[in-house]
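Hi there,

Here is the structure I promised to pass on to you. Please have it open while you read the notes under it.

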Amino acid sequence: MSKIHQKYMKRVLNLAKKGSGLTSPNPIVGAVIVKNNNIIGEGYHKKAGEEHAEINALRSSKESPKGAILYINLEPCDHVGKTPPCTQEIINSGIKEVIIAMVDPNPLVSGRGIKKLESYGIRVNVGVLEEKAKKLNEAYIYSITNKLPFVQLKMATSLNGKIYIPALKKDRYITGEKSRKEVHKLRSQVDAILIGKNTAAIDNSMLTNRFVKGKSPIRIVVDSKCSLDLNLNLFVNKDAETIIATSELADEKVISNFKERGIKVMVFPQKDEKVDLKELLKGFWQMGINNILVEGGALMATSFLQMELVNKIIFYISPIIVGQGLSFWTGKEELIVKIKNVEYKKTGEDIRIIGYLKV
């Protein structure tokens, strides 16, 4: 792997990041066209349903791409979706070589795009910064492979594991401003945020992205009997869509009241008088939701961990110790969850821990 290839692929990955949170259920992809050691065109996938990265790069070219090299972090598609096949555009452009970070795991694409390019005499090199490319599209890869959303569990706790501290009163934030800004950025990058009914009722949060540039994701509230107050901020605020995930235990008249207010309600099978979370994930994946951020509360965090439905954890730990407070773990049985590939970072006065349970 030459340093030149790595240099341009790093540029590709940085371009791809610009599409974070905007392309689902498609991956985030960047593309760079190089001719005579100069970048003559570049682009990224800006939004689902719009032109793909390689097409945007071709259209931005300052000169003819004939004889140039195309760098892209994901194998070009060779099928008709909402847009035409990218492979044919690449072939028509006269590009002589394509450097790809990773093969697309989508069965509609996987290997076909590469074979198509090679059949027209275009050299193809796969594997440049492959691990970085996989991490960038970890949610897409997991989702397309497992037919389930990629689930991230985010928690903010004190040093002794408390997530709700009555003594904080109005200033209920456990972590500092820098950590909260990171969380809002994370919100802008996922398809949906999920909380339980207790968190919705107690916090009365809007669950929108307000601190950083970017969209606000879909808000999912798990409420097995559809019993929440219609006047909560989640339902009054219209900056993002809110969906109530309820069960067969909910009264039809109550569900109708929510629907009449323009609030979407999805009914799932119940398990032990609660919404079956596995069925919930299947249902939202079928809607095109690739990644979900579970933000709370204690019951939701415990349930997702117990059912082994969490892919990735993001914990913000504040340097405070409290007496009275609610722990995030509500389970009675002993449970040991081993976190892999752990990363630590200081965010203001807090410590952020990121790790994986399954990929």
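This is a predicted model: local features need pLDDT of at least 70, side-chain atom pairs count only at pLDDT 80 or more; totals for chains, interfaces and linings use all residues.

Residues are numbered from 1 along each chain as its sequence is written, and side-chain values use heavy atoms, leaving out hydrogens and water.

The protein chain has twelve helices and 18 strands (DSSP runs of H or I with at least four residues, or of E with at least two, numbered from the N terminus). Its radius of gyration, taken over C-alpha atoms, is 23 Å, close to the 21 Å that the globule rule gives for 359 residues, so the chain is as compact as a globular protein of that length. That rule is 2.2 Å times the number of residues to the power 0.38. The C-alpha trace spans about 65 × 45 × 35 Å along its principal axes. Of the 359 residues, 51% are buried (under 20% relative accessible area with a 1.4 Å probe, protein chains only; exposed is over 50%, and partly exposed lies in between).

Now look at helix H7, residues 177-189. Its buried residues include Val183, His184 and Leu186, and their cover includes strands E6, E14 and E18.

Strand E18 also holds isoleucine 351, which is partly exposed, at a relative accessible area of 35%.

Enjoy exploring!

Notes
The expected span of a helix is 1.5 Å times one less than its number of residues. Contact means heavy atoms within 4.5 Å.
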